[in-house]
Amino acid sequence: MSFFSKLPLDIRFLFLPYLMQFQNVLENPQTAFSTLTDLMIVSIATQKGGAGKTTTSIALSAGLARKGKKVLLVDIDQQANSSKVLLRHYPTIPKEQSVHATIIERKPLPIHKTDVPNLDIAPGHILLSNTDVELTIAKDRREDRLKRELDKVKDNYEYVFIDCPPNLGWLTINALNSSDQVIIIVAPGYFELDSIVQFYKTIAEVQEFFNPDLQLKGILFTRSDPTVNTRESLTILRQMYGKELLPVIIPENTDLRNAHFNKQDIFAYNPHAKGAVAYDKLINELFL
Ligand SMILES: Nc1ncnc2c1ncn2[C@@H]1O[C@H](COP(=O)(O)OP(=O)(O)O)[C@@H](O)[C@H]1O
Ligand SMILES: [Mg+2]
């Protein structure tokens, strides 16, 4: 007779939820594991185009997935560049199978498997360009549309990254409202630095009105090269945002561009490239 069966019946009932959880782990380690680990949802954002949001989103998602983590990348940019790199059949995906369906029709988040093991994607769509107008006149909790559907699937993942559009409209608000943390991407240049102030205001507003738990994970300086422009930008960044500036700086590296041209993440294309080494270091510093 086991120790457990010797306990009085009412005491045994107290243990029941824990036993069921344990049995779940034994029978179905994959799903049970994900419900037992911490989930982190991170927006990759800035209101500038061309800064490196998509490059960073793909590198972080694919890098963690290749290290065995279950990852979902949500592409809410109308340019859908993450989706075009990670989904071979992207051109055949209708808007109903993209996050457009979630944002506009409040449908479940469409999730597609990528060729990278452990990495799924909810693809973007060109028609997301219309959503800001539609959300502006919407009468429901328009800031909640992504979060409501992400909540239903997030337990299947250990990390969710959201590749944001290059503006501070309702789509970015939806992303920040769904997130635990946000990484601001900054490339060299005066206007890029200027945009940080605006982004801080948006974070403060989202914290005040929608998501008080949202945290700034840090500012990631990308596309760094040996020019005066980069040197001056970094000096100003260190003076003004020294504490928030993340410790890893991403270099300008053509392999990153070539990888995406080949529809590959940088770790598949060339794991020894300077860009791959930098993003791997960032993953180890921030997430592992
Ligand atoms: N570190 C980098 N080195 C070289 N090219 C880069 C780097 N980061 C981004 N790029 C290139 O710059 C362009 C814009 O980058 P992208 O990540 O799409 O920016 P965003 O999503 O912010 O608009 C793309 O062609 C991309 O390949
Ligand atoms: Mg992009």
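**Strands, helices and a ligand**

Modeller: Strand E1 (residues 40-45) and strand E6 run parallel, joined by 4 bridges. Strands (E, at least two residues) and helices (H or I, at least four) are DSSP runs numbered from the N terminus, and two strands pair if DSSP finds at least two bridges between them. This is a predicted model, in which local features need pLDDT of at least 70 and side-chain atom pairs count only at pLDDT 80 or more, while totals for chains, interfaces and linings use all residues. Residues are numbered from 1 along each chain as its sequence is written, with chains lettered from A and ligands numbered from 1 in the order in which they are written.

Colleague: Which residue in E6 is the bridge partner of Val42?

Modeller: E1 and E6 are joined by bridges in the parallel sense. Within E6, the partner of Val42 is Gln181.

Colleague: Which strands are the edge strands of the open sheet?

Modeller: The sheet is open and has mixed pairing, with 7 strands in the order E3-E4-E2-E5-E1-E6-E7. An edge strand here pairs on one side only, which picks out strand E3 (112-113) and E7.

Colleague: What is the handedness of the crossover from E6 to E7?

Modeller: E6 (residues 181-186) pairs with E7 (residues 215-221) in the parallel sense over 6 bridges. Between them the chain passes through helix H10 (residues 190-209). With the strands pointing away from the viewer, a path from the first strand over the helix to the second that runs clockwise counts as right-handed. This β-α-β crossover is right-handed.

Colleague: Are H4 and H14 roughly parallel or roughly perpendicular to each other?

Modeller: H4 packs against helix H14 (residues 274-286) at about 70°, with axes 10 Å apart. Axes are lines fitted to C-alpha atoms, for helices over the stretch in contact, and angles run from 0 to 180 degrees between N-to-C directions. Angles under 35 degrees count as roughly parallel, over 145 as roughly antiparallel, 65 to 115 as roughly perpendicular and the rest as oblique. H4 and H14 are therefore roughly perpendicular.

Colleague: Which element gives the most residues to the shell around ligand 1?

Modeller: Among the 19 residues around ligand 1 (C-beta atom, placed from the backbone, within 6 Å), Gly52, Lys53, Thr54, Thr55 and Arg257 come nearest. Two elements give two or more residues to this shell, helix H4 (53-66) and helix H12 (254-261). With 4 residues, the element that gives the most is H12.
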